[in-house]
Amino acid sequence: MESHKFYVSGMHCQACVLMTESELKDCPCVTSARSSLTDESVVVEGNFEGKEAELVAKELTRVLTKHGYALSVGRPAAASKRWGEFVYAVPVSLAFVLAFAALQRAGLSKLIPGETTLLTPFLVGIAASVSSCLAVVGGIVLTLSSTFARSGGTVRPIATFHTARIVSFFVLGGVIGALGSVFRLGQTTTLVVQIVLAAVMVILGVNLLDLFSGAKKFQLAMPRLLSTRVIAASRMTNGFVPALVGTLTFFLPCGFTQSMQLYALSTGSFLSGALTMLAFSIGTFPVLALVSFGSFSLERSAR
């Protein structure tokens, strides 16, 4: 049994931690892998036949390249900061703020039912579906697809997964909202929760842009044990697995999901919390559905 510590380039969030660990554990020569977002590294153990660490890193990188990661023995040189991204990000953000302010000033926002509990989480869900949520949940649905395809399954397991996911987000979102009412969040507490929510979103955005490596230490995450159990469950072929895994995705380390959970808590209402998480899950559905259902038709396609 040999052990190596490699540095991982391309890590941004807790979803990256799960993805790198899951992919490396699938390698025949690897018995265990444990990634760390703090110093962007991974410790792997296994039988590498006495190969040099540089060669092992090169071989394992082939597994991770398709996901945008690379391993190195030494800490890689700091990549140039992508400050140019703000040329696009700032105007887009200001456009949303100004549009919302214009709606309020014109009194049109009152005509949009549930504007802050439905439209916002729906848009956040769309953003999540092409970033951290796609990284971890997309990997899970692809695993489910391939697992049940090998056992002669059809689209039914994947449909069950998505149905269970949307229903569980509605129910569990309502539970979180109800907890907010039980604790009777006052104005001060609600303000604190909203400030924390804003901080979570800012930290998530900074980490996705990879501007400040120190910010990764402050990103919220679900317990690692729970997350790894969800990944492991997706590889089982039991008929109840798709529903179980779909439900457990509520607890995966997606910063967008956690921000909406915090918002649901601040609503102090079962219905508002449920609708918030329902709108978020529906926002993530189109891209995740394309990935999961498309995998059947693409299974034997070179493209």
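To set the scale, what does the accessible surface of the chain come to, and what percentage of it belongs to carbon and sulfur atoms?

Reply: In this predicted model, the accessible surface of the chain comes to about 15,900 Å², and 66% of that area belongs to carbon and sulfur atoms. The chain has 303 residues, of which 41% count as buried, and its secondary structure comes to 11 helices and four strands. Among contacts between residues at least 6 apart in sequence, 77% join residues at least 24 apart.

Turning to the sheet, the four strands form an open arrangement in the order 2-3-1-4, with antiparallel pairing. Strand 2 (30-36) and strand 4 (70-72) stand at the edges, and each has a single partner strand, so one side of each is left without a neighbour in the sheet. Neighbouring strands are turned against each other by 30° on average, when direction is ignored. Strand 1, which covers residues 2-9, is joined to strand 4 by three bridges, the two running antiparallel, and within this pair Val8 stands opposite Leu71 of strand 4.

Two helices are in contact with these strands. Helix 1 (residues 14-25) packs on the sheet and touches strand 1, strand 2, strand 3 (41-46) and strand 4, while its direction makes about 170° with that of strand 2. Helix 2 (residues 53-64) likewise lies across strand 1, strand 2, strand 3 and strand 4, but runs at about 55° to strand 1.

The C-alpha atoms of Tyr7 and Ser36, which are 29 residues apart along the chain, are separated by 9.4 Å.

Elsewhere in the chain, a helix pair can be set beside this picture: helix 6 (residues 156-182) and helix 9 (residues 241-248) pack at an angle of about 35°, with their axes 7 Å apart, and helix 6 passes helix 9 in a right-handed crossing. Residues of helix 6 including Phe161 and Leu172 meet residues of helix 9 including Pro242 and Val245. By class, this contact has seven nonpolar, four polar and one charged residues.

Notes: Residues numbered from 1 in each chain as written. Predicted model: local features only at pLDDT ≥ 70, side-chain atom pairs only at ≥ 80, totals over all residues. Heavy atoms only, no water. Pairing = 2+ DSSP bridges. Axes fitted to C-alpha atoms, helices over the stretch in contact; angles between N-to-C directions. Contact = heavy atoms within 4.5 Å. Left-handed = near helix turned anticlockwise from the far one by under 90°. Nonpolar A, V, L, I, M, F, W, Y, C, P; charged D, E, K, R; others polar. Buried < 20%, exposed > 50% of the residue type's maximum accessible area, 1.4 Å probe, protein only. Areas by Shrake-Rupley, 256 points an atom, 1.4 Å probe, with all protein chains shown as cover.
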